[in-house]
Amino acid sequence: HIQSNAFKWMCQLLLQRANLQRAVRNYMEARANLKKYSTNTEEALKADADAMECLEKVAALTAPVGTSGSNNSNFSDVHGILEKFHGARDKHIFRILATIANSTHSASARARAFDELPKRSKALGDSTAAWVKTLARRCAMGNFVNVENVNHCILLAQECFHEDDLTSCKSFLTCIQMAVTIYPTLCGTDEGFGTLVELFGECRTGGSGKWKKEIEASGIVTLLSSILAVAAPARAAHFLDDKTTMDKSKLIIDPDLQAQLMNLCTRDGTPQQAKFAVYTMASLLNPTTSARYGMERSSIEKEHEAFDPLLKALTSPTRLTLPSGSSETSKVVCVLAALAALADCAPSVFGKASGRGTKAIRFALETVLLGRSSSGSDDDLLSEDDQSSDEENDIQGTPTAIKSRR
């Protein structure tokens, strides 16, 4: 059970491994920076000190290497081991460690690391070799949670859905959600993310009205939405790092998926689903806005192009209106949740001269929070074109526009 102490303990263990993998990756990046500078220059010495600092953080996340003596002697032992490791001339040691620091590494890569690292690090001394062996075993993915098992769980969830077994489908998705929350890259692969998108589309479009109500009541759509939102940044990073993909500027989101995510925000989703939908689109529509790629002018323009249709649909006069009955309240909350997520992941869209962002902020602040009646001046912020446009066309026209740009 996900609320049991055993489950929480297991998640903590997996999180420790994820933190260690992140620390190893940071160290590898710091080592790579050393190549930028000439030997013995001030910049090179600073970069080397930064790399050692990263390595000390790695050591802090592994088993203690000092075995006897006072605290000072233990510290000396640790420092000596890290110095030997840092100065190793066999670059294959670092390449192998960099491979298993990626949570999507294969079982063969794990076996190779366990076999070769002790042999290659033996020349560094017994203590250093033992520490490297421990580091590899703590860093590598185990036989329980790994990319192969997660992909199998995704396929099993889809098979259960095809057999109308929603309970088993939800159980598999719960396991996937746990894994992807700790290791987002596990669902960022072509196979894993693609299957999740297929299942999401099947849950949203297939079956009769009664079957759709059963799906919604089971919570599967919300589970899938949360998984996609967490996996989408990893999927975008995988897309940008793929050397076979030449055009990094093209959109990586499927038009049908975008249409379904838009509908969650504007038509039939819950506030939670709308929030997840916006975060998923933010990562897939404009992947270059992630922190490591920065926010260049071209990225901001692309962000506007990607989210203008959604902002236009969310700020239409019929949606930014407080309902008279309680039955329509959830739709307004859903719109507000989508706008809040949009402001979080694409704030530049709210600063455009069109005034839609300003209208959304006015509605949330003055109408919802302060209880003031909306003034007619709000409608002046939108052009006559926007006011008269059909909302369904705003949503359904988006995939067509993307296809035409492709």
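**Ring pairs**

I searched the whole structure and got five aromatic pairs. My rule: rings of Phe, Tyr and Trp (its six-membered ring) pair if their centres lie within 6.5 Å, with planes under 30 degrees apart counted as stacked, over 60 as edge-to-face and the rest as tilted.

I looked at Tyr 27 and Phe 85: their ring centres are 6.2 Å apart and the planes stand at 35°, so I noted the pair as tilted. Tyr 27 belongs to helix H1 (residues 5-33) and Phe 85 to helix H3 (residues 71-86), so this pair ties together parts 58 residues apart in sequence. For helices I took DSSP runs (H or I, at least four residues), numbered from the N terminus.

Before going on, the ground rules. This is a predicted model, where local features need pLDDT of at least 70 and side-chain atom pairs count only at pLDDT 80 or more, while totals for chains, interfaces and linings use all residues. Residues are numbered from 1 along each chain as its sequence is written, and side-chain values use heavy atoms, with hydrogens and water left out.

Buried or exposed, I asked of Tyr 27? Tyr 27 is buried, at a relative accessible area of 1%, and Phe 85 also counts as buried, at 1%. The cut-offs I used: buried is under 20% relative accessible area, exposed over 50%, partly exposed in between (1.4 Å probe, protein chains only).

Next I checked Phe 85 against Trp 131: centres 5.4 Å apart, planes at 75°, so that one is edge-to-face. Trp 131 sits in helix H6 (residues 126-139) and Phe 85 in H3, so the pair ties together parts 46 residues apart in sequence. Trp 131 is buried, as is Phe 85. I then followed the ring pairs along and found that they link Tyr 27, Phe 85, Phe 94 and Trp 131 into a cluster.

**Charges over rings**

I counted a charge as over a ring if NZ of Lys or CZ of Arg is within 6 Å of the ring centre and within 35 degrees of the ring normal. Arg 31 lies over the face of Phe 94, a member of that cluster, at 3.7 Å from the ring centre. Arg 137 has its charged end over the ring of Phe 114, 4.3 Å from the centre.

**A loop serine and the cores**

I found Ser 121 in the loop between helix H5 (107-120) and H6. Ser 121 counts as buried, at 0% relative accessibility. Which residues does Ser 121 contact, leaving aside neighbours within four places in sequence? Ile 93, Ala 129 and Val 132, with contact meaning heavy atoms within 4.5 Å.

For a nonpolar core I took buried Ala, Val, Leu, Ile, Met, Phe, Trp, Tyr and Cys residues joined through side-chain atoms within 4.5 Å. The largest has 70 residues, and Leu 173, Cys 187, Cys 265, Met 281 and Phe 307 touch the most other members. A second, separate core has 31 residues, including Ile 100 and Leu 135.

**Positive phi**

Asn 40 is not a glycine, yet its phi is positive, near 65°. I placed Asn 40 in the loop between H1 and helix H2 (42-60), and at 66% relative accessibility Asn 40 counts as exposed. Asp 164, also not a glycine, has a positive phi of about 65°. Asp 164 is in the loop between helix H7 (147-162) and helix H8 (166-182) and is exposed, at 51%.

**Cysteines**

Last, I looked for disulfides, meaning cysteine sulfur atoms within 2.5 Å, and the count came to zero. The sulfur closest to that of Cys 345 is in Cys 265, 9.7 Å away and too far for a bond.

Definitions and conventions: Helix = DSSP H or I, 4+ residues; strand = E, 2+ residues; numbered from the N terminus.
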